[in-house]
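Please look through the structure below before reading the notes that follow.

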Amino acid sequence: MNVCILLSARFPTEKAYGVQINAMIEGFLASGSQVFVLYPNRSKVRPPQKVGVAYIPFGPYIRADRKLFSIYRWMGLFFAYFKLRSIRCDFVIANDPIQVGFFSRFWPVIWEVHDVPGFSSAMARWYLRWIMAGAKAIISTNKLKIEALSSIGVLSASLVLPNPTTISISALGGLSRNEARAFLGISSSKRIAVYTGQFFDWKGVDTIVAAGGVMHERGSSMCIHLVGGLGGDLQRIQDKVDRVQCLDKTVIIHGQRPHAEIAYWLRAADIVLIPNSGKFGISVIDTSPMKAYEAMAARARIFASDLPSLREALGGYPKVAFLPPDDPRAWANELSKPMNEESVDLHDQTELYIRSAILTPEKRAQDILLFVGDLLKKRFLGK
């Protein structure tokens with residue numbers, strides 16, 4: 001099939017969004033598809049060329065500016081329309097609801113839902129119903145978003161597919177904790193906890209820093225490594241650590257690291273942290289964090305916030321503990337407890353769960369193509 005991936009945000013990007021798009025591209029390529037990637041011309045960096053992929057920027061170059069994002073989205077509809085007319089694709093995948101609502105009137109569009117727009121007003125509910133009526137199908141990264149959308153209107157055909165893991169499950173299985181720590185140049189004698197990802201407020205990194213402060217006061221020997229963060233969010237967390245004397249010995253910030261390195265951090269950790277805040281809808285309902293699936297692929301012990309989104313993503317994994325969100329003292333208490341060695345039975349359960357629950361990019365693409373192919377047979381995507 002010819003697949004078009006339609007974007008509204010800056011691409012390429014070092015954020016998880018960029019990793020996810022690249023995983024989707026690789027998955028479709030492995031399944032034998034021709035892939036077109038249409039993205040707004042907001043960066044002078046161009047993605048590396050690949051056989052089977054056509055990267056097509058649309059619109060004049062406009063420097064990325066978060067404050068003007070909504071203007072870029074609407075302007076992009078005009079420029080993307082003519083680019084779409086110049087290619088031949090069997091279907092379009094888009095996650096921007098504005099694009100879905102507009103382009104589904106001209107092309108078969110699949111809405112891949114990452115964030116459910118707010119629908120507290122009558123106008124917002126009408127707009128969402130209009131989008132759902134136009135989209136030929138909906139793919140969601142969790143069941144919670146499908147349930148939220150179905151509460152306000154009749155859904156198109158829908159499919160729930162979590163985000164894939166972009167690290168090698170088999171390779172991680174043969175990498176020891178000490179080998180991973182040696183590669184990263186960190187201590188092999190201390191217990192360490194690791195957070196990987198952005199430092200947005202809804203990600204809950206502030207809770208981990210505050211928990212580190214409690215642990216520091218108690219003289220805990222555990223070290224927390226924060227891997228990620230950009231711009232103002234990185235500076236905010238760095239300032240919090242700097243305000244407490246010697247806290248940087250308990251909480252160490254590494255900043256953004258190459259994605260290929262993340263697998264080593266996950267294997268090096270005694271505990272992987274997913275501390276999402278419970279104060280934001282995107283955290284409670286929408287998210288299906290790639291870091292959760294990567295941590296499971298690394299056979300890591302996980303501490304995660306007790307939220308519906310993370311319960312769905314991690315609920316069957318044998319090595320996860322769910323903790324109260326936004327409660328630094330509760331996290332400090334759990335991180336300070338001694339850790340028991342894993343039993344053989346637990347190891348076997350973990351391996352079984354990994355094989356059954358974690359998607360590779362290739363498997364996820366195959367599931368999408370089978371789903372769309374079935375719709376084509378039923379003439380749901382007639383042009």
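Arg311 counts as partly exposed because its relative accessibility is 40%; buried means under 20% relative accessible area, exposed over 50%, and partly exposed in between (1.4 Å probe, protein chains only). This is a predicted model, in which local features need pLDDT of at least 70, side-chain atom pairs count only at pLDDT 80 or more, and totals for chains, interfaces and linings use all residues. Residues are numbered from 1 along each chain as its sequence is written, and side-chain values use heavy atoms, with hydrogens and water left out.

Arg311 sits in helix α13 (residues 308-314); helices are DSSP runs (H or I, at least four residues) numbered from the N terminus. Two of its distances are given here.

| Pair | Distance |
|---|---|
| Arg311 and Asp306, side-chain polar contact | 2.8 Å |
| Arg311 and Val284, C-alpha atoms | 9.8 Å |

A polar contact is a pair of N or O atoms within 3.5 Å; within protein, one must be able to donate a hydrogen and the other to accept it, and residues adjacent in sequence count only if both atoms are side-chain atoms. Not counting residues up to four places away in sequence, Arg311 touches Asp306 and Phe322, where contact means heavy atoms within 4.5 Å.

Elsewhere, Val205, Asp206 and Val209 of α8 meet Arg236, Ile237, Lys240 and Val241 of α9. The axes of α8 (residues 205-218) and α9 (residues 231-242), lines fitted to C-alpha atoms over the stretch in contact, come within 10 Å and cross at roughly 10°, with angles running from 0 to 180 degrees between N-to-C directions. The two helices α8 and α9 are therefore roughly parallel to each other, a label for angles under 35 degrees.

Terms used:
Parallel < 35°, antiparallel > 145°, perpendicular 65-115°, else oblique.
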